[in-house]
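I opened this file to look up what surrounds the ligands and what packs together inside the protein. My notes follow.

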Amino acid sequence: MSPRAFTIGCLTAIASVAACGRSRTERADAGAVARGGGAVHASSFDPTAWQPPAEADIPRDSLGASIRRGLALVTHTTDSLPAYAPGRINCTNCHLNAGRNAEAAPLAGSFARFPKYMERTGAVIGLADRVNYCFTRSLAGNRLPVESREMQDILAYLAWLSTGVPVGEGKKLPGAEGILPMQSQLTGDKTRGGAVFTAKCAACHGVDGQGNPAIPPGVPALWGIRSFSVGASMARQGKAASFIWHNMPFGAAKSLTAQEAFDVAAYVTSQSRVDSPGKEGDWPARGAPADVPYVTAGHAAFAPPPLLARANGREAVVPRPTSAARKSR
Ligand code: HEC
Ligand code: HEC
């Protein structure tokens, strides 16, 4: 990861170009000058002008083959990896346009945002762990072995999708914080939301919320054993309201009122959902957001949905990084 990361930084940070190819000590010296003078590491990167590369630009070599496999895996996750993604929901059903949509938790730029401190975990984690949080929580599936071909392919795709974004500057891209906050924080009413669902969602997602693989591009499930777990960000009313308002109904985004979006989000998040083992350990330093639907340190569950038992206990949890130095041999 680091050689590539360094190259990205060298190519785009104009002032750093001079530092590329020098020894580590010389670069450290340049860094010291930068801290004093302020200009040496100034970047020309413009986060509002940057665009992720197009699929046609995937290179025609071995790395390109891996990137293409990664793209196929995030698009057809349940078909490709049924043992890890057992439901009716693929990565790109939330990360729309293959991760390019800035209003749907973009994956574009993610390679330049990690490793990162995640408050929910209470630790600095790498991108593979972040991917596995979505496998275990958003797909209610199993953790994909980090050393597997498939994980490396997904990471290759994410790295390619971040082409040109200097390391550390990914966090400045539009949507970098995940699903955008709604302008007004309202409280949803699930009874009114049920009426919105029947009128504006059920034609695709089904009255039972189970989706429909026959409607292109394949409509994902919104609750029950085939959908995201209670530990997913989408299970939070505010996050769901914002995703829905910005992106749904599919093909008619931003047509709901903010109140309708909160109401239908309250309806969707009140339905039965797969449990997420270990969720009580989230936000270990306290401070869980108000709409988290389960108990954590110092936080009472917000409108908790009925939970469905989960068979795959151990594989459903992403372990917090532990120190290798403490391992007994
Ligand atoms: C025209 C069909 C259609 C309508 C109507 C529609 N959706 Fe969707 N929905 C989709 C499709 C298709 C996706 C996946 C998009 C993709 O893969 O690009 C999706 C994805 C989602 C997701 C994220 C994935 C998941 O399973 O959780 C949510 C949440 C969602 N829709 C909620 C709603 C809500 C709420 C409504 C009504 C306000 C609605 N949708 C109306 C087709 C539709
Ligand atoms: C149910 C919707 C959903 C599904 C399905 C989903 N994710 Fe996510 N993912 C999210 C949300 C939401 C966030 C951002 C967190 C937030 O807004 O709080 C996120 C964040 C991420 C991030 C971190 C992005 C960043 O730069 O911070 C990565 C990487 C990621 N997901 C990869 C995946 C992969 C790979 C899959 C499939 C295995 C997947 N996701 C499936 C909803 C989903």
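Ligand 2 came up first. I found that its shell takes at least three residues from each of domain 2 (55-172) and domain 3 (190-316); the domain bounds come from an automatic or database domain assignment. The model is predicted, so I kept to its limits: local features need pLDDT of at least 70, side-chain atom pairs count only at pLDDT 80 or more, and totals for chains, interfaces and linings use all residues. Residues are numbered from 1 along each chain as its sequence is written, while chains are lettered from A and ligands numbered from 1 in the order in which they are written.

I counted 26 residues around ligand 2, with C91, C94, S110, C134 and G178 the closest. A residue belongs here if its C-beta atom, placed from the backbone, lies within 6 Å of the molecule. Helix α6 (residues 127-138) gives the largest share, 6 residues. Helices are DSSP runs of H or I with at least four residues, numbered from the N terminus. By type I have 16 nonpolar, 7 polar and 3 charged residues. Nonpolar covers Ala, Val, Leu, Ile, Met, Phe, Trp, Tyr, Cys and Pro; charged covers Asp, Glu, Lys and Arg; the others, Gly among them, are polar.

Ligand 1 next. I find 28 residues around it, and the closest are C201, C204, P220, P249 and F250. The elements giving two or more residues to this shell are α9 (202-205), α10 (237-247) and α11 (258-269). The shell of ligand 1 splits into 22 nonpolar, 5 polar and 1 charged. It too draws at least three residues from each of domain 2 and domain 3.

Then I checked helix α8 (residues 190-200). Which of its residues are buried? They include G193, V196 and F197, where buried means 20 or more other C-beta atoms within 10 Å of a residue's own, and exposed means 12 or fewer, with C-beta atoms placed from the backbone. They lie on the same side of α8 because they cover an arc of only 100 degrees around the axis, taken from the directions from the helix axis to the C-beta atoms. T191 and A199 are exposed, on the face turned away from the buried side. The cover over the buried residues includes α9 and α11.

Last, the largest nonpolar core: it has 74 residues, and Y157, L158, I244, V264 and A265 have the most contacts inside it. Such a core is a set of buried Ala, Val, Leu, Ile, Met, Phe, Trp, Tyr and Cys residues joined through C-beta atoms within 7 Å. The largest share of this core, 9 residues, comes from α7.

Definitions and conventions
Two residues are in contact if their C-beta atoms, placed from the backbone, lie within 7 Å.
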